[in-house]
Amino acid sequence: GKKVLMVVYGAIGQEIERMLEPFKVELLRVARSPRTSPEVHAVSELDGLLPRAQVVILILPATPESTKLIGAKQLALLPQGALLVNAARGPIVDTDALVEALNSGRIRAALDVTDPEPLPEGHPLWKCPNLLITPHVAGSTPQFAPRAVKTAAEELRRYMAGEPLHNVVQAAV
(Lines give C-alpha, C1' and ligand atoms only; values in the text may rest on other atoms or scores of the structure.)
Protein backbone atom coordinates (compact mmCIF):
# COMPACT_ATOMS: atom_id res chain seq x y z
CA GLY A 1 0.00 0.00 0.00
CA LYS A 2 3.00 2.36 -0.03
CA LYS A 3 3.97 4.81 -2.76
CA VAL A 4 7.32 3.71 -4.16
CA LEU A 5 9.41 6.00 -6.36
CA MET A 6 11.87 4.10 -8.54
CA VAL A 7 14.78 6.09 -9.98
CA VAL A 8 15.69 4.96 -12.83
CA TYR A 9 13.20 2.68 -14.54
CA GLY A 10 14.96 0.22 -16.87
CA ALA A 11 15.36 -3.57 -16.94
CA ILE A 12 16.31 -3.75 -13.25
CA GLY A 13 13.44 -1.44 -12.37
CA GLN A 14 11.01 -3.64 -14.25
CA GLU A 15 12.24 -6.68 -12.29
CA ILE A 16 11.89 -4.81 -8.99
CA GLU A 17 8.39 -3.80 -10.04
CA ARG A 18 7.54 -7.46 -10.70
CA MET A 19 8.80 -8.41 -7.23
CA LEU A 20 6.80 -5.59 -5.61
CA GLU A 21 3.49 -6.62 -7.25
CA PRO A 22 2.31 -8.82 -4.34
CA PHE A 23 2.69 -5.85 -1.98
CA LYS A 24 0.16 -3.72 -3.89
CA VAL A 25 2.37 -0.64 -3.99
CA GLU A 26 1.64 2.44 -6.06
CA LEU A 27 4.68 2.82 -8.28
CA LEU A 28 6.08 6.11 -9.50
CA ARG A 29 8.73 5.60 -12.17
CA VAL A 30 11.53 7.93 -13.27
CA ALA A 31 13.87 7.60 -16.25
CA ARG A 32 16.02 9.92 -18.35
CA SER A 33 13.08 10.59 -20.63
CA PRO A 34 9.33 10.23 -20.01
CA ARG A 35 7.18 7.45 -21.47
CA THR A 36 3.47 6.76 -21.40
CA SER A 37 3.11 2.98 -21.09
CA PRO A 38 3.75 2.39 -18.28
CA GLU A 39 3.84 6.00 -17.12
CA VAL A 40 7.46 7.03 -16.60
CA HIS A 41 8.39 10.54 -15.50
CA ALA A 42 11.50 12.41 -16.59
CA VAL A 43 14.35 12.93 -14.11
CA SER A 44 13.59 16.67 -14.34
CA GLU A 45 10.32 15.92 -12.46
CA LEU A 46 12.09 14.22 -9.54
CA ASP A 47 11.74 17.06 -7.02
CA GLY A 48 7.98 17.19 -7.64
CA LEU A 49 7.61 13.44 -7.09
CA LEU A 50 9.70 13.12 -3.89
CA PRO A 51 7.02 14.55 -1.54
CA ARG A 52 4.63 11.81 -2.72
CA ALA A 53 7.02 8.90 -2.09
CA GLN A 54 7.11 6.84 1.07
CA VAL A 55 9.92 4.72 -0.39
CA VAL A 56 12.57 5.85 -2.89
CA ILE A 57 14.64 3.19 -4.64
CA LEU A 58 17.76 4.41 -6.43
CA ILE A 59 19.03 2.04 -9.14
CA LEU A 60 20.62 4.41 -11.62
CA PRO A 61 24.17 4.38 -12.98
CA ALA A 62 26.86 6.75 -11.78
CA THR A 63 27.25 9.54 -14.32
CA PRO A 64 28.21 13.20 -14.04
CA GLU A 65 24.46 14.01 -14.13
CA SER A 66 23.58 11.56 -11.34
CA THR A 67 26.35 12.58 -8.92
CA LYS A 68 24.67 14.03 -5.80
CA LEU A 69 21.28 13.80 -7.52
CA ILE A 70 19.92 13.32 -3.99
CA GLY A 71 21.14 16.16 -1.81
CA ALA A 72 19.84 18.17 1.15
CA LYS A 73 17.04 19.74 -0.91
CA GLN A 74 15.76 16.38 -2.19
CA LEU A 75 16.00 14.73 1.25
CA ALA A 76 14.02 17.63 2.74
CA LEU A 77 11.28 17.06 0.15
CA LEU A 78 10.70 13.49 1.38
CA PRO A 79 7.81 12.97 3.81
CA GLN A 80 8.58 12.30 7.46
CA GLY A 81 9.61 8.65 7.91
CA ALA A 82 10.29 7.99 4.21
CA LEU A 83 12.74 5.22 3.35
CA LEU A 84 15.61 5.88 0.93
CA VAL A 85 17.12 2.74 -0.63
CA ASN A 86 20.41 3.26 -2.48
CA ALA A 87 21.24 0.15 -4.48
CA ALA A 88 22.93 2.19 -7.20
CA ARG A 89 26.23 3.93 -6.53
CA GLY A 90 27.37 5.84 -3.45
CA PRO A 91 28.05 9.25 -5.04
CA ILE A 92 24.42 9.55 -6.20
CA VAL A 93 23.52 10.59 -2.63
CA ASP A 94 25.24 13.50 -0.89
CA THR A 95 26.63 11.68 2.16
CA ASP A 96 26.80 14.76 4.41
CA ALA A 97 23.17 15.61 3.65
CA LEU A 98 22.15 12.00 4.27
CA VAL A 99 23.93 11.93 7.65
CA GLU A 100 22.11 15.12 8.64
CA ALA A 101 18.70 13.81 7.52
CA LEU A 102 19.20 10.50 9.34
CA ASN A 103 20.43 12.16 12.54
CA SER A 104 17.42 14.50 12.53
CA GLY A 105 15.11 11.46 12.49
CA ARG A 106 13.28 12.68 9.36
CA ILE A 107 14.01 9.68 7.17
CA ARG A 108 15.26 6.11 7.17
CA ALA A 109 17.75 4.59 4.74
CA ALA A 110 19.03 1.26 3.51
CA LEU A 111 22.35 1.37 1.67
CA ASP A 112 24.39 -1.28 -0.04
CA VAL A 113 26.67 1.43 -1.45
CA THR A 114 28.26 4.40 0.26
CA ASP A 115 30.44 7.39 -0.54
CA PRO A 116 33.23 6.90 0.30
CA GLU A 117 33.45 3.19 -0.35
CA PRO A 118 34.55 1.24 1.51
CA LEU A 119 33.18 3.21 4.41
CA PRO A 120 36.11 3.94 6.74
CA GLU A 121 36.06 3.08 10.42
CA GLY A 122 34.71 5.98 12.45
CA HIS A 123 32.74 7.49 9.53
CA PRO A 124 29.57 9.32 10.76
CA LEU A 125 27.29 6.97 8.77
CA TRP A 126 28.23 4.09 11.10
CA LYS A 127 26.50 5.89 14.00
CA CYS A 128 23.37 7.17 12.21
CA PRO A 129 19.99 6.06 13.53
CA ASN A 130 17.44 4.51 11.19
CA LEU A 131 20.14 3.20 8.84
CA LEU A 132 20.79 -0.29 7.49
CA ILE A 133 24.11 -0.80 5.69
CA THR A 134 24.68 -4.02 3.77
CA PRO A 135 27.56 -5.12 1.54
CA HIS A 136 27.11 -4.49 -2.20
CA VAL A 137 26.99 -8.20 -3.08
CA ALA A 138 23.46 -8.69 -4.39
CA GLY A 139 24.71 -10.94 -7.18
CA SER A 140 26.42 -13.28 -4.76
CA THR A 141 24.14 -16.31 -4.79
CA PRO A 142 24.82 -20.01 -5.33
CA GLN A 143 23.48 -19.58 -8.89
CA PHE A 144 25.79 -16.65 -9.77
CA ALA A 145 28.81 -18.61 -11.06
CA PRO A 146 26.83 -21.10 -13.21
CA ARG A 147 24.74 -18.27 -14.71
CA ALA A 148 27.83 -16.16 -15.40
CA VAL A 149 29.60 -19.04 -17.16
CA LYS A 150 26.47 -19.83 -19.20
CA THR A 151 26.05 -16.17 -20.20
CA ALA A 152 29.74 -15.78 -21.14
CA ALA A 153 29.68 -19.00 -23.18
CA GLU A 154 26.57 -17.89 -25.07
CA GLU A 155 28.08 -14.46 -25.79
CA LEU A 156 31.30 -16.06 -27.02
CA ARG A 157 29.31 -18.40 -29.27
CA ARG A 158 27.35 -15.42 -30.68
CA TYR A 159 30.55 -13.43 -31.23
CA MET A 160 32.26 -16.30 -33.06
CA ALA A 161 29.16 -16.83 -35.21
CA GLY A 162 29.03 -13.12 -36.11
CA GLU A 163 25.68 -12.69 -34.34
CA PRO A 164 24.71 -9.60 -32.34
CA LEU A 165 25.64 -9.80 -28.66
CA HIS A 166 22.95 -9.63 -25.96
CA ASN A 167 25.05 -8.01 -23.22
CA VAL A 168 26.80 -5.00 -24.71
CA VAL A 169 28.12 -2.41 -22.27
CA GLN A 170 28.55 1.08 -23.64
CA ALA A 171 30.70 3.53 -21.74
CA ALA A 172 28.98 6.76 -20.73
CA VAL A 173 30.56 9.76 -22.40
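Is Asn130 buried, partly exposed or exposed, and what is its relative accessibility? In this predicted model, Asn130 has a relative accessibility of 41% and therefore counts as partly exposed, since that class lies between the limits of 20% and 50%.

Asn130 lies in the loop between β6 and β7. Its phi is near 60 degrees, a positive value in a residue other than glycine. Lys24 likewise carries a positive phi without being glycine, with a value near 55 degrees. The loop that holds Lys24 runs between α1 (11–20) and β2. Lys24 has a relative accessibility of 66%, so this residue counts as exposed, the cut-off for that class being over 50%.

**Cis peptide bonds**

Which residue is joined to Pro38 by a cis peptide bond? The partner is Ser37, and omega of this bond is about -10 degrees. Pro38 is placed in the loop between β2 (26–31) and β3 (41–42). A cis peptide bond also links Asp115 to Pro116, where omega is about 10 degrees. Pro116 belongs to the loop between β6 (108–111) and β7 (131–133), and Asn130 is likewise assigned to the loop between β6 and β7.

| Site | Backbone angle |
|---|---|
| Ser37–Pro38, cis peptide bond | omega about -10 degrees |
| Asp115–Pro116, cis peptide bond | omega about 10 degrees |
| Lys24, positive phi | phi near 55 degrees |
| Asn130, positive phi | phi near 60 degrees |

Terms used: Residues are numbered from 1 along each chain as its sequence is written. This is a predicted model: local features need pLDDT of at least 70, side-chain atom pairs count only at pLDDT 80 or more; totals for chains, interfaces and linings use all residues. Side-chain values use heavy atoms; hydrogens and water are left out. Helices (H or I, at least four residues) and strands (E, at least two) are DSSP runs, numbered from the N terminus. Buried means under 20% relative accessible area, exposed over 50%, partly exposed in between (1.4 Å probe, protein chains only).
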